[in-house]
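Subject: The structure we talked about

Hello,

Here is the structure for you to look at. Please open it beside this email and follow along as you read.

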Amino acid sequence: MNKRYNCGDLLSPALKSLIEKKLDKLESKYALGDATVDVAMSKEGKDYALKMQLASGSYNILAKSTSNDMYKNIDDCVDKLNSQITKHK
């Protein structure tokens, strides 16, 4: 799985490590070896927004989350990706 980040200075090593770990779990669960995930982080006022777009040969899935906690956003987006991949399988 290829991962591309558009996060500016919001992406800390701890956040990147968590994203990598969770996406690697998805990759092994659904055999997404040829997929590409675009990860974008932004700050909207007091909240943080996270967008993950997973593109593979058979589907293109988008997950978004906004809250004041980026760790919560990561969990929400990965859960949404998991749910949508399950629907497509």
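Below is what was found in it, taken part by part.

Please keep in mind that this is a predicted model.

Now look at strand 3 and strand 4. They run antiparallel, and eight bridges join them. The link between strand 3 and strand 4 is a hairpin, which passes through four residues. Leu54 has Ile61 of strand 4 as its bridge partner. Tyr48 is bridged to Ser67, also in strand 4.

**Two faces of strand 4**

In a regular strand, side chains alternate between the two faces of the sheet. Strand 4 lets you see this. Ile61, Ala63, Ser65 and Ser67 point to one face and are buried.

Two packed helices are described by the angle between their axes and the distance between the axes. What are these values for helix 1 and helix 2? The angle is about 15 degrees, and the axes are 11 Å apart. The angle is under 35 degrees, so helix 1 counts as roughly parallel to helix 2. Their crossing is right-handed. On the helix 1 side, the contact includes Ala14, Leu15, Leu18, Ile19 and Leu23. On the helix 2 side, Met70, Tyr71, Ile74, Val78 and Leu81 are among the residues that take part.

**The core**

In soluble globular proteins, nonpolar side chains tend to be buried together. Here, the largest nonpolar core has 25 residues. Leu23, Leu32, Leu50, Met52, Leu54, Ile74 and Leu81 have the most contacts inside it. At least two core residues come from each of helix 1 (13-30), strand 2 (36-44), strand 3 (47-55), strand 4 (60-67) and helix 2 (70-88).

- Leu23: beyond its neighbours within four places in sequence, Leu23 is in contact with Met1, Lys3, Val37, Met52 and Leu81.
- Leu50: this residue lies in strand 3. Its relative accessible area is 2%, under the 20% cut-off, so Leu50 is buried. Leaving out residues up to four places away in sequence, Leu50 touches a set that includes Val39, Ala40, Ala63, Ile74 and Cys77. Tyr71 is 21 residues from Leu50 along the chain, and their C-alpha atoms are separated by 9.9 Å.
- Met52: strand 3 holds this residue. Met52 counts as buried because its relative accessibility is 0%. Apart from neighbours within four places in sequence, its contacts include Ile19, Leu23, Val39, Ile61, Val78 and Leu81. Met41 is 11 residues away from Met52 in sequence, and 8.9 Å away in space, C-alpha to C-alpha.

**Two more residues to check**

Is Thr36 buried or exposed? Thr36 lies in strand 2. Its relative accessibility is 18%, so Thr36 counts as buried, given that the cut-off is under 20%. Setting aside neighbours within four places in sequence, Thr36 is in contact with Asn2, Arg4, Gln53, Leu54 and Ala55.

Then turn to Ala31. You will find it in the loop between helix 1 and strand 2. Its relative accessible area is 64%, so Ala31 is exposed. Ala31 also has a positive phi of about 50 degrees, although it is not a glycine.

Please go through each part with the model open.

Best wishes

Terms used:
Residues are numbered from 1 along each chain as its sequence is written. This is a predicted model: local features need pLDDT of at least 70, side-chain atom pairs count only at pLDDT 80 or more; totals for chains, interfaces and linings use all residues. Side-chain values use heavy atoms; hydrogens and water are left out. A nonpolar core is a set of buried Ala, Val, Leu, Ile, Met, Phe, Trp, Tyr and Cys residues joined through side-chain atoms within 4.5 Å. Buried means under 20% relative accessible area, exposed over 50%, partly exposed in between (1.4 Å probe, protein chains only). Contact means heavy atoms within 4.5 Å. Two strands pair if DSSP finds at least two bridges between them. Axes are lines fitted to C-alpha atoms, for helices over the stretch in contact, and angles run from 0 to 180 degrees between N-to-C directions. Angles under 35 degrees count as roughly parallel, over 145 as roughly antiparallel, 65 to 115 as roughly perpendicular and the rest as oblique. A crossing is left-handed if the near helix is turned anticlockwise from the far one by less than a right angle, and right-handed if clockwise.
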